[in-house]
Amino acid sequence: MAQYGKSDYWEERYTRDPEPFDWYQRWAGLKDTLLEYVQQSHSILMLGSGNSRLSEEMYEDGFNNITNIDISMVVTKAMQEKYRDKPGMTYVQMDARSIDNPDASFNIVLDKATLDSILCGEGSTHNAQKMLTEVSRVLMPNGVYIAVSHGQPSYRLTYLQRPEFGWNVKIHTVQKPMMGMTASLSADDKDNVHYVYVCVKGEPASKEAEPGELARGVVEARPPPSRWPAPPPAAPLQRRSAARRPLPA
């Protein structure tokens with residue numbers, strides 16, 4: 001799958017197939033989870049927007065400040081033309097590893113399969129670090145980076161829980177849609193969920209989740225210890241008096 005990490009692949013793909021295409025999920029599948037973090041007044045950066053309908057569907061739901069970036073000039077020009085009558089919906093050709101916007105520009109950075117694509121390419125670790133560093137830079141204080149991924153926490157938290165980002169990572173799961181509605185980057189997924197990593201900037205990190213908790217779809221890594229109920233007080237010890245033996249004569 002190394003081609004997903006190369007810009008030439010995307011230029012050729014969007015030239016060959018200009019029809020709308022969504023990786024993983026549509027807005028309907030993500031809405032309940034994302035509405036916990038995204039407000040209509042927020043400024044949103046959509047990474048690797050491609051020709052996905054996610055931005056359009058969010059726009060129709062009242063999210064009217066969306067900047068979409070993609071490495072492909074072919075798809076960017078097509079989307080600029082398609083949405084030219086939607087004020088506040090902009091498309092810019094840009095590499096997510098080198099974002100042109102100034103620091104603290106966005107409340108929300110939304111990523112649906114872009115991190116996954118980068119991790120499919122050559123120099124994946126270095127390139128993922130560059131992109132996430134840029135994401136952290138353009139996020140406002142208390143901003144939120146949301147990554148929709150097929151990658152399990154054991155493979156993704158290594159990149160997201162780096163101390164220089166200062167992110168508290170919460171994990172949601174959403175059911176995969178029916179076959180044919182969207183596509184997956186991985187043909188051999190062994191489970192039936194996508195992971196939604198919600199990285200809150202400037203929030204104290206919670207403890208890491210246990211594997212069993214993630215399998216049950218726990219939303220955040222682990223509640224702080226103070227939120228766990230205190231153990232019941234121990235019962236008082238009962239002293240048993242032993243029978244006194246007679247002293248020897």
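Close-up 1. Strand β7 (residues 193–201) is mostly covered, with nine of its nine residues buried. Buried here means under 20% relative accessible area, exposed means over 50%, and partly exposed is what falls in between (1.4 Å probe, protein chains only). This is a predicted model, so local features need pLDDT of at least 70 and side-chain atom pairs count only at pLDDT 80 or more, while totals for chains, interfaces and linings use all residues. Residues are numbered from 1 along each chain as its sequence is written, and side-chain values use heavy atoms, with hydrogens and water left out. Strands (E, at least two residues) and helices (H or I, at least four) are DSSP runs, numbered from the N terminus.

In a regular strand the side chains alternate between the two faces of the sheet. In β7 both faces are covered: V193, Y195, Y197, C199 and K201 are buried on one side, and H194, V196, V198 and V200 are buried on the other. Two strands count as paired if DSSP finds at least two bridges between them. Strand β6 (residues 167–175) runs antiparallel to β7, joined by nine bridges, and I171 sits opposite Y197 of β7. Strand β5 (residues 139–149) also pairs with β7 in the antiparallel sense, over six bridges; there V144 has V200 as its bridge partner.

**Close-up 2. Helix α2 and its two sides.** Helix α2 (residues 27–34) has W27, L30, T33 and L34 as its buried residues. They cover an arc of only 125° around the axis (taken from the directions from the helix axis to the C-beta atoms), so they lie on the same side of α2. What covers them includes α3 (54–60), β4, β5, β6 and β7.

**Close-up 3. The largest nonpolar core.** A nonpolar core is a set of buried Ala, Val, Leu, Ile, Met, Phe, Trp, Tyr and Cys residues joined through side-chain atoms within 4.5 Å. The largest one has 32 residues, of which L34, V38, M58, I146 and V196 touch the most other members. Another core, of 30 residues, lies apart from it, and I99, I118, M131 and L132 are among its members.

**Close-up 4. M94 in its loop.** M94 is in the loop between β3 (89–93) and β4 (106–112). It counts as buried because its relative accessibility is 7%. Leaving out residues up to four places away in sequence, M94 touches I69, D70, I71, I99, D100 and N101, where contact means heavy atoms within 4.5 Å.
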